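Hi,

Here is the model I promised to pass on to you. Please have a look at it first, and then read my notes below.

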Amino acid sequence: MEFSYPSKSIIASNITTESLQKYREEISTLLKEDGWSPFFHLCLYKGFWFHPFFLDGAMYAQDHFQAQPSDIFLCSAMKTGCTWLKSLSFAIATRGQYDESTSPLRTIVPHDCIPFLEYGEYSTAEGPRIPLFASHLPYTLLPKSIIDSGCKIVYLCRDPKDTFVSMWHFFGKLKNKKPREGGLVSIEEAFELFCKGLSSYGPYWEHVLGYWKESLERPDKILFLKYEDMTNDTEACVKKLAEFFDCPFSLEEERKGIVQGIIKFCSFENLSNLDVNKTGKQVKKDGFLENSAYFRKGKIGDWRNHLTAEMGARLDNIMEEKLRGSGLNF
Ligand code: PAP
């Protein structure tokens, strides 16, 4: 894959104040519910719950994003392992240009190596194209040009209990410029909301089901992965990703240990210990976020340290009921 690494100027935000105003007016008419804190209220847009500050960029992408057939999209609900998928995909796709000692992943947080559609971090101008993008948008809300162009999509999901716990911790770490009237609701209250589908980009099961059903219809275009499978057999997933990107590892590369090198470099232990991910910050529209917020534990089953067995069983039952007959389970 020919990969032009984006400079900041290429991916600089294109969203103008006027277009933002138009979307914000539309957002102000949507049904709102209290979210996980007074700052994080949620609004219902086309069947999914959004934080308003993620929604204007999503609307802009729907109207303006022009996909190229060769673009590949890394899609996921929040907190299911996007940072890991981005770093692996970036390392796989750029392995002809960079090795471990020169990789931009050494100095740039993975989220800035592959831009998010809904944050307006891409260019609509002529010029070098970046073939990898990420999105937390549900399948039905992806810009139409992605589907019409037959673009490939990787979807990553995760056990909902660990996803919930990861999200709970993440929102507690967001630093806002605006004074907050209160902190997050308790983990028990947030869990109630999550079980009702009220979470960022939720209902979680609808997000997963949208991509799952489409992956059954178009398996050549949608690669469906689980965080747990990536953890248990990272090598198989990395090879699958490379094949899906049309840049499979050659026997020579395998012999040289390139696959293992990428796995080790993108491991939680390695990435979370890089300076950029330990001490760096990302400036966001409504404040800033420490890069370390993307690296917490990276373990399967951490939910047991935060939820009771009853809570776990309850969410499992909800998922089972929602996914019944789909052929998908967690
Ligand atoms: P996002 O939705 O903000 O993009 P995302 O990267 O999808 O977040 O999810 C973060 C989770 O992936 C965190 O899980 P935890 O809270 O249960 O620990 C984070 O620790 C985990 N994670 C980040 N990098 C890696 C990695 N290299 N390997 C495995 N897990 C990782």
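Let me start with strand β6 (residues 152-157), which pairs with β8 in the parallel sense over five bridges. Strands here are DSSP runs of E with at least two residues, helices are runs of H or I with at least four, and both are numbered from the N terminus; two strands count as paired if DSSP finds at least two bridges between them. Within this pair, Y155 stands opposite F224 in β8.

Before I go on, a word on the source: this is a predicted model, in which local features need pLDDT of at least 70 and side-chain atom pairs count only at pLDDT 80 or more, while totals for chains, interfaces and linings use all residues. Residues are numbered from 1 along each chain as its sequence is written, and side-chain values use heavy atoms, with hydrogens and water left out.

Back to the sheets. β6 and β8 belong to an open sheet of four strands with parallel pairing, in the order β5-β4-β6-β8. Because β5 (132-135) and β8 (222-226) are at the edges with a single partner strand each, one side of each has no neighbour in the sheet. On average, neighbouring strands of this sheet are turned by 20° against each other, direction ignored. Helix α11 (residues 234-244) lies across β6 and β8, at about 165° to β8. Axes are lines fitted to C-alpha atoms, for helices over the stretch in contact, with angles from 0 to 180 degrees between N-to-C directions; contact means heavy atoms within 4.5 Å.

There is also an open sheet of three strands, β1-β2-β3, with antiparallel pairing. Its edge strands, β1 (32-33) and β3 (48-50), each pair on one side only. Two bridges join β1 to β2 (residues 42-45), and K32 stands opposite C43 in β2. In the loop between β2 and β3 you will find K46, a residue other than glycine whose phi is positive, near 50°.

Oxygen atoms of the ligand lie 2.7 Å from a backbone N or O atom of C82, 2.7 Å from one of K297, and 2.6 Å from a side-chain N or O atom of S166. Taken alone the ligand exposes 640 Å², and the protein buries 97% of that (Shrake-Rupley method, 1.4 Å probe).

P203 is in the loop between α8 (187-195) and α9 (204-217).

Best wishes

Notes
Polar contact = N/O pair within 3.5 Å; in protein donor to acceptor, adjacent residues only side chain to side chain.
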